[in-house]
Each structure stands twice: as C-alpha cells, then as structure tokens.
Amino acid sequence: MGLVTTEGDIVKQGIRPFPTRELQDVVSQIAQGVQELVQDAGITLQQVMAVGVCAPGLVDQEHGIVNQAANFPTWSDAPLCKLLSDALGCPAYLENDASAAAIGEWWRASTSQPGGGVKHMALITLGTGVGGGLIVDGKLVAGMGMAGEVGHTIVDISDTARPCGCGQKGCLEQYASAPGIVASAKQALSEHPEAKSQLRPLLESNNLSCDKIFAAALGATDPTERDELAFSVVNRTCHILAQSILNLVRVLDSEIIVIGGGVSDAGAPFISLIQQHVDRMWWDIKRAHKLRIVQAQLGNAAGFMGAAKTALDRAC
Ligand SMILES: [Zn+2]
C-alpha cells in the first residue's frame, strides 16, 4: 500500500499482511495501514482526498463491491468501499487488480517518459500466467469486463499447439509465461539431445527455472560464451511476443508497450531483444513512428498506484 500525491509521486509505501481473509479483518488492516502511512508522512486523514483499493477477481467498480475473489473465498458481494469509507471517513474507490496495475504503469509512463502524456499504451505482464491491460485515449478499456486478456490470444494454430487452462490451444500464455518458457526449454533439450547446454544438468537435477534460462541466454558478457540452446529458446519467445505485440498494435495503434511481471526482471537485454523483433517486422507504411517497448517501472507498487489514480479521477 502507499500514499501518493495528485502528481503521482509515492510519498510513503509499505506492506501489510492479512492475518485472516475475513472481510472485517481485511478492512481493519487496510484502515490501520492507511492511518500509519498518513502519520508517517506527517499529515492527517483530513488531508487525504480519497482512498483507492484494488482487489483480485470480479469487482463492481461503480458500487465499490467485490463480487467474488478466489483469494478471499468467504467474500460474496463484499461492500469493501463502504466499509473502508466508514472506517476512514473519506471516500473509497475500487478497481480490479490487473486493471489497476495497467493504470498505475500508464500513470508512471505518462509522467516519466520524455514528452510525457502517453495516451495509448498496453501492459503485458509475464509471470506464472500472461495478463494485460489496455489504455486507449488515456482510459482503461474494460470491454464487457475481460478486455486485455492478451495471454489468451492465439499464437500457434498447428496440431502441436500447447493446450491452455482456458480451453483453447496455442495461447500466448503457454509460450511467454515463466512456465511456458521452461516448457520451451524442455522441448528444445529433448528435440536436440546432441546440443551442449548448461540447461541440461539443471533439468536433470530438477532445477530448471525461467531466470536460469535467461541467465544462460543473455547473461554472458562475451557473446562466444553464450549458451546457444538457451538463447534460441529466449529468442523464439521474444519473436512470439513481438508478433503478439504487433497484432495488438495493428488494432490499437499504441505508442508504447510496457512489459511487466516476474519474467520482465530479465531486464534490458530481454526488452531490447523484443524491440529488435518488433523493429524487424514493423510495417513499411509507418516507418516514422517507432513503437517503444519498455520495462514496467513500478513492480508491486503498480496496483496501489493504479488504485490511487482511479480514486483521484473519481473523487474530482
Ligand atoms: Zn488460454
């Protein structure tokens, strides 16, 4: 959680664990956390314009109600905003957590990019799954409630396309999430039994992970020491991601694509490789406009930043 100015600067931030998942306990913990942040910043609750909160699952933003959330199984149509507002004496507003992360990253991108004022952006989060959020004309696109499910756009229609938990086959999530990248490495190792790779002993000792694949692929300072099998896995992942990004941008004409989630911790070499594939495939009719691929900046702060921005916009 965090205390944020109207300009998007983080004044104070902290983490507050919930001892139980019961609604009233969670509300008390959040309220206490807000009071502590405010005190630490040397201001009073009266100076706080509004409280923004984000929650996973199905939320009713307009009425501030969490309809359903897998992590909070006892909640059913929980009036989170009313309870918070009563506890703190200031208005509270709600946003879905994935949407809040997109709004948060967009707010930061808008205030930190040269020239500022980003109006069209997409966030793609690469973690245990692949999620996303779309900002068009400075506003989050919600659709019927599920817009931005980039992870379940289809990137492989072949007979060998990987099945996805959503019921489709060949979803981006199966190739660009952390487990998807590990699956690609396992596949490459089994298809090339002759290839020497530092990933092979890692697989055999059950220690193969996404960050180790990236370290082997992009970590060597001397390119001749690069693990070619690991690099081919990461390079193909970036190619698939770039293809998905281009499809998205053909529809939305975004200015920047922000890559977040744990996989994006691979950092600048990873982002730059995606950018290279995007540039290589960029269409000729719009050479002047170069799509920028950037790494997410906020990490765990993205959710509360987006919730704060939602609250700010709705309170004004
Ligand atoms: Zn899927």
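The model is predicted. Helix H3 runs over residues 97-112 and is largely enclosed by the rest of the structure, since 12 of its 16 residues are buried. H3 meets H10, residues 301-315, with the two axes coming within 6 Å.

**Helix H3**
- The buried residues of H3 include Asp-97, Glu-105 and Arg-108, along with Trp-106 and Trp-107.
- Also buried in H3 are Ser-99, Ala-100, Ala-101, Ala-102, Ile-103, Gly-104 and Ala-109.

**Packing of H3 against H10**
- Two packed helices are described by the distance between their axes and the angle between them.
- The axes of H3 and H10 cross at roughly 85°, and because angles of 65 to 115 degrees count as roughly perpendicular, so does this pair.
- From H3, the contact is made by Asp-97, Ser-99, Ala-100, Ala-101, Ala-102, Ile-103, Gly-104, Glu-105, Trp-107 and Arg-108.
- From H10, the contact is made by Ala-302, Gly-303, Met-305, Gly-306, Ala-307, Lys-309 and Thr-310.
- By type, the residues of this contact are 8 nonpolar, 5 polar and 4 charged.

**Asp-40**
- Asp-40 lies in helix H1, which covers residues 23-40.
- Asp-40 has 13 other C-beta atoms within 10 Å and is therefore partly exposed.
- Between Asp-40 and Ser-85 there is a separation of 45 residues in sequence and 21 Å in space, C-alpha to C-alpha.

Conventions: Residues numbered from 1 in each chain as written. Predicted model: local features only at pLDDT ≥ 70, side-chain atom pairs only at ≥ 80, totals over all residues. Helix = DSSP H or I, 4+ residues; strand = E, 2+ residues; numbered from the N terminus. Expected span 1.5 Å × (residues − 1). Buried ≥ 20, exposed ≤ 12 C-beta atoms within 10 Å, placed from the backbone. Axes fitted to C-alpha atoms, helices over the stretch in contact; angles between N-to-C directions. Parallel < 35°, antiparallel > 145°, perpendicular 65-115°, else oblique. Contact = placed C-beta atoms within 7 Å. Nonpolar A, V, L, I, M, F, W, Y, C, P; charged D, E, K, R; others polar.
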